[in-house]
Amino acid sequence: MNISGNTILITGGSSGIGLSLAQKLAALNNKVIITGRDKNKLAEIQQRIPGLHICAGDLSENDGIRELVEHIRQEHPDLNMLINNAGVQYNYSFLTVSQLSEKIDYEIHSNLAAPVKLTSQLLPLLLTREHAAIVNVSSALWLAPKKSAAVYCATKAGIHSYTKALRFQLEGSPVRVFEVIPPLVDTPMTAGRGKAKMSSDEVALHIISSLSANRYEAYIGKSKLLKLINRIMPSLAERIMKNG
Ligand SMILES: NC(=O)c1ccc[n+]([C@@H]2O[C@H](COP(=O)([O-])OP(=O)(O)OC[C@H]3O[C@@H](n4cnc5c(N)ncnc54)[C@H](OP(=O)(O)O)[C@@H]3O)[C@@H](O)[C@H]2O)c1
């Protein structure tokens with residue numbers, strides 16, 4: 001995949017991995033549109049990094065997805081790359097959590113349903129492009145879950161499976177389907193927990209080099225090692241990740 005001269009939509013580009021990717025892809029001569037829930041945060045980023053385009057909305061809601069798709073159709077019909085990066089992670093025990101239904105819905109809608117719906121609604125546009133790509137951000141936790149984030153891990157396993165099946169469906173079309181699998185990364189999502197985290201800038205560089213090398217399943221940093229351990233000794237991978 002050529003990593004210059006594209007029009008790229010990055011969901012959740014107002015923070016962490018998405019923001020690092022946006023900065024680097026914009027510097028590589030791409031038109032980049034970022035989304036997030038917080039309008040003010042997006043406006044502040046746009047002031048700091050001129051050239052970035054923004055669109056605010058909550059993708060856990062069908063209206064948020066519909067409005068974003070309409071915005072892209074009207075303002076950026078040259079879109080040829082969608083990076084499904086937005087996500088949330090809740091850590092809790094089913095034994096003590098309150099407002100469980102709301103938490104389950106929000107996490108599943110944001111992390112799994114939204115990328116699937118957004119992709120299907122933007123697919124007709126992407127199919128008109130000579131070269132196009134869909135990039136889904138999953139997690140090493142799809143391989144082996146941690147006990148405190150059961151629903152999050154399930155959404156990431158879902159994204160992994162969905163991405164593979166979509167890749168099969170789009171074989172022979174101009175749309176390439178990528179999955180990137182980061183390890184633990186130092187972002188607001190992981191604030192106050194975990195050690196030896198990779199920086200979001202480093203992850204963004206790995207993602208860009210994977211796209212340019214057409215690596216369709218890109219395990220990044222310690223995710224690569226976890227994949228190997230999981231193949232040789234799944235019970236060890238489980239033990240490593242369980243209390244993560
Ligand atoms: N950090 C890690 O260790 C790690 C590891 C593996 C995979 N990942 C994955 O990488 C992706 C990015 O994570 P991150 O660590 O960079 O997180 P982050 O810094 O918390 O950023 C998350 C981004 O997603 C947006 N977002 C969240 N829920 C949304 C919703 N319902 N609608 C629209 N936008 C929403 C946020 O918008 P606001 O700024 O407006 O809140 C923000 O821009 C996620 O898919 C995450 O699961 C992260």
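These legends describe close-up views of a predicted model.

**View 1. Helix H4 and its kink.** Helix H4 covers residues 100-126, which makes 27 residues. From its first C-alpha to its last, H4 reaches 37 Å, close to the 39 Å expected at 1.5 Å a residue. The helix has a kink of about 45 degrees, and this kink is centred on His109.

**View 2. The buried residues of H4 and what covers them.** His109, where the kink is centred, is one of the buried residues of H4.

**View 3. Strand E4 and its two neighbours.** Met81 and Ile83 point one way from E4, while Leu82 and Asn84 point the other way. All of these residues are buried. Strand E1 (residues 7-10) is joined to E4 by three bridges, and the two strands run parallel. Within this pairing, Ile83 of E4 has Ile10 opposite. E4 is also joined to E5, here by four bridges, and again the strands run parallel. Met81 has Ala133 in E5 as its bridge partner.

**View 4. The unit formed by E4, H4 and E5.** Strand E4, helix H4 and strand E5 make a β-α-β unit, and the unit is right-handed.

**View 5. Lys222 in helix H7.** Lys222 has its place in helix H7, which spans residues 222-232. Lys222 counts as partly exposed because it has 17 C-beta neighbours inside 10 Å, whereas a buried residue needs 20 or more and an exposed one has 12 or fewer.

**View 6. The shell around the ligand.** The ligand is surrounded by 28 residues. The closest of them are Gly12, Gly16, Gly36, Gly87 and Thr187. Two elements give two or more residues to this shell: helix H1 (16-27) and strand E2 (31-36). H1 gives the most, with three residues.

Terms used. Residues numbered from 1 in each chain as written. Predicted model: local features only at pLDDT ≥ 70, side-chain atom pairs only at ≥ 80, totals over all residues. Expected span 1.5 Å × (residues − 1). Bend = angle between axes of the 7 residues up to and from the residue. Pairing = 2+ DSSP bridges. Right-handed = clockwise from strand over helix to strand, strands pointing away. Near = placed C-beta within 6 Å.
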